[in-house]
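Take a walk through this model, one stop after another. Keep the sequence and the structure side by side as you read.

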Amino acid sequence: MTIVAVAGGSGDLGRLITDSLLKTGKHEVYITSRKTDYSSEDALVEQLTERNVRVVICTFIMDCDSASDAQLCLIRAADRCPCVERFIPSEFNVEYDVGDDILPYPEKRFHVAARRALEKTTTLEYAYIYPGMFMDYFGLPHVPSSLRPLCFFVDPENGLAVLPGNGEARMSMTFTTDAARYVALALELDKWPRVMTTASSTVSLNELVALFEKSLGRKLQVRYQPVEKLLKHEAFDLPTNVGIASRFPDRFPGGLEQLRGLIADLEAGVALGGFDFGKLGGHLDLVEAFQETAPAPRLIEDMVEEAWKDSREQPYGFQEVLYNAISVTPGSPGLFLIGSSVTFSHTASSPLGELSPDALAPLLRNAWLQVRQQYPALAAHNPLEGKTYTSPSSPADLEAWLAATFIVIPDKNKTWHDLWKTLVKTAHMTMYYLPQTRQLFLQGEHHTLDGRGLMNFWDRFFRALASPTPTHSLLHRTDGSEVTRLPPRSDDLLNTTSHPPNHGEQRAAKLLAPLAALTAPISLPVRTPLPAPSPHNAARTLHAPAATTAAIRAACKAQRLSVTAAWHAAAVLATQAIQAKRSAGNVRGTQFACFGNFDLRRYFPSDEDDDAPSALSNHHGVLPYVVDASPGRAFSAMARELGAFYGQDLGRGDGAVWSALGPMVRRMVPAFAALAAGAPSEETTPALSSLGVVDEFVKSRYGAWGVEEVWFGDTVTGPWLEHFMWAWRGRLVLNSCYNPAFYSPEEVEEFNKTVLEVLLDGLGVAERGKL
């Protein structure tokens, strides 16, 4: 048997080559250990001679001087060793001995140095093996691979492709296991040509995009950029790469800038023809040489189909159409991105004592996976055409999802407030754990969860913590059965068909008409001209004392008012008062335009139980309403009017209202889409959302786990407040999310405080002086 030494044989590609050599049954493999002294030629000669090594294969990652120096020393030692006959250097890519006009890759200098060293040898037969681009990158994370993730040209999970030039550059590719197999087969050749290739597929970048689109069953958003952008490292960052840079700081200590440079250099090499083996002459094609005796290699079209064929696509429901219209690419700030935090406690349940914050991380991670398995829509993403869910085909798929969506923040100085401030869109719902403060922060898009869905999520999450399923069992649930638990659309559970055909459109126009007829709107003054929105988010939260909250609830009960209706009336009058105070000429509007939120789950069929897929989804609807706040109108009159609005039984009095919801949202889309695209907005009336009593959905205790504090919000890119109200543990909470370009913290705090003061005054509660 031939004895083969594989330097770096425990690495990504080295391990595959080692396995392929052993599978032939023709080779004995010696893996040089990490303890090998690659600075001593004498020591290397002694090791190779002692084991009677005939072939040396180097698989170092050639990205630094130390790796290059080690390979150069290994080449010289192999040339001196009497038993070594053949040498394969770490050249597993493309032709490196070319100018920057073909391959602008700085690290190629290490490969060129190895070539010059091999040219000086006198006893070695050597060859360069070119796989081209590794095909695995276009299947990750859905195909098993030893490679660590990187995203080139196509970002299928985010529905995006960015191609250099006109996209016609051609790229030759090999799957890593095939490349390793052909390296082993090359040892069977009696004589080596200088260059051998293993590429099984060569396609243009446009053809590659078409393969993805065919497998996904949908079009990708395709952008083209000049090659010069790549050469200057000014290229567009694919969203998946943004996430990779942030998740793997050890790999990329230079962060996104370092990763951008790496991607840009390799993509530029493709654009300039460096990866097109059709232009390569004087080489041996190993795929062709062994086509009669070796199994066929994997082709790019088959690999893409295998990796992406299990996607499930669902057209957007009527309320999701709006969120789709304002959607941004991952990594970007956006409108109506949702965030929610929980501060928790954990009580020791064993005689060993309390677990450390770091020791809790695996338990939290397991609960996150457990909820995902029960509610797979959490792992869906939201491209332009509709929600897409990919069923995991292996435990590795689930591990990859966990790595991307459960993130531990070790920084002791960070809280969920910091995550909220810098919140940008992620490809999937993402959970952050801050061990030092025992806080969890969930973020995502409104496509996936509404307010009720967020509260249900925290309940199901802590249920999973209290009754965990073993991680091993969860990771092996990859039979695809979870697709039956994807939630239906509201459209599928409500009768949204218009009878007669145009009645829904007519009803939508009637519902929206009052908004177009405003003559004296109530709004919050902001400075003009409007500044550009900030990319950051802000919020101010007011917690009413428990005694004050109890007095509010008692007063509402005595006056037969809902707390939501009373709070809404208070927000109307508070906005009106601040408008008069801050505006020139004491302007005081009399009409407060708003959209009231309604949970549509109560109208779903009775078989939609508490644990139905719709529990963790987006099933809220909105209806427009204009409150009359003319001078002299009593707080109680407004509150009763609003109580009737929120208390209406949708569909019972007007069955056609369901058919109007879709047309109504579609009429609203252009204005919101323009806002999301950066158009200025003069809308400064606060948007109001009541989550009710959170304790009715989230318990304060789940076995050893306690929920101490909760928070909910969504992002704002325009000059209005997103004002929320909820109750938690006997305290009323007022939370205003805003864009810091338009309001100061003091102005928002004044708004929250004024709402509470007006609420107490309107209800006649004597607690006002205690605030």
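**A guided walk through the chain**

P529 sits in the loop that links α19 (503–516) to β21 (538–543). Helices (H or I, at least four residues) and strands (E, at least two) are DSSP runs, numbered from the N terminus. The peptide bond from T528 to P529 is cis, with omega near -5 degrees.

This is a predicted model: local features need pLDDT of at least 70, side-chain atom pairs count only at pLDDT 80 or more, and totals for chains, interfaces and linings use all residues. Residues are numbered from 1 along each chain as its sequence is written, and side-chain values use heavy atoms, with hydrogens and water left out.

Now the whole chain. The protein chain holds 24 helices and 28 strands. Its C-alpha trace spans about 105 × 65 × 50 Å along the principal axes. Of its 771 residues, 56% count as buried. Buried means under 20% relative accessible area, exposed over 50%, and partly exposed in between (1.4 Å probe, protein chains only). Contact means heavy atoms within 4.5 Å. Among contacts in the protein chain with a separation of 6 or more, 79% are between residues 24 or more positions apart.

N52 follows α2. This residue is found in the loop between α2 and β3. N52 is not a glycine, yet its phi is positive, at about 55 degrees. Its relative accessibility is 42%, so N52 counts as partly exposed.

R729 also has a positive phi, of about 50 degrees, although it is not a glycine. Look for R729 in the loop between β27 (722–728) and β28 (731–738). With 39% relative accessibility, R729 counts as partly exposed.

Turn to an open sheet. Three strands form it in the order β6-β11-β14, and the pairing is parallel. β6 (128–130) and β14 (284–285) stand at the edges, each with a single partner strand, so one side of each is left without a neighbour in the sheet. Two strands pair if DSSP finds at least two bridges between them. Three bridges join β6 to β11 (residues 195–197). In one of them, Y130 has T197 of β11 as its bridge partner.

Strand β22 (residues 591–599) is another case. Seven of its nine residues are buried, so β22 is largely enclosed by the rest of the structure. It pairs with β23 (residues 620–628) in the antiparallel sense, over nine bridges. The bridge partner of A593 in β23 is V626.

Then come two helix pairs. Two packed helices are described by the angle between their axes and the distance between the axes. Axes are lines fitted to C-alpha atoms, for helices over the stretch in contact, and angles run from 0 to 180 degrees between N-to-C directions.

Helix α8 (residues 239–247) packs on helix α9 (residues 255–271) at an angle of about 130 degrees, with the axes 8 Å apart. That makes α8 oblique to α9. Angles under 35 degrees count as roughly parallel, over 145 as roughly antiparallel, 65 to 115 as roughly perpendicular and the rest as oblique. The contact is made by N241, V242, I244 and A245 of α8 and G255, L256, L259 and I263 of α9.

Helix α13 (residues 357–374) packs with helix α14 (residues 395–405) at about 120 degrees, and their axes are 11 Å apart. From α13, R365, W368, L369, R372 and Q373 meet L398, E399, W401, L402 and T405 of α14.

The last stop is E709, in strand β26 (residues 705–714). At 29% relative accessibility, E709 counts as partly exposed. Which residues does E709 contact, leaving aside its neighbours within four places in sequence? They are S341, V342, T343, H543 and W728. E709 and T343 are 366 residues apart in sequence, but 5.0 Å apart in space, C-alpha to C-alpha.
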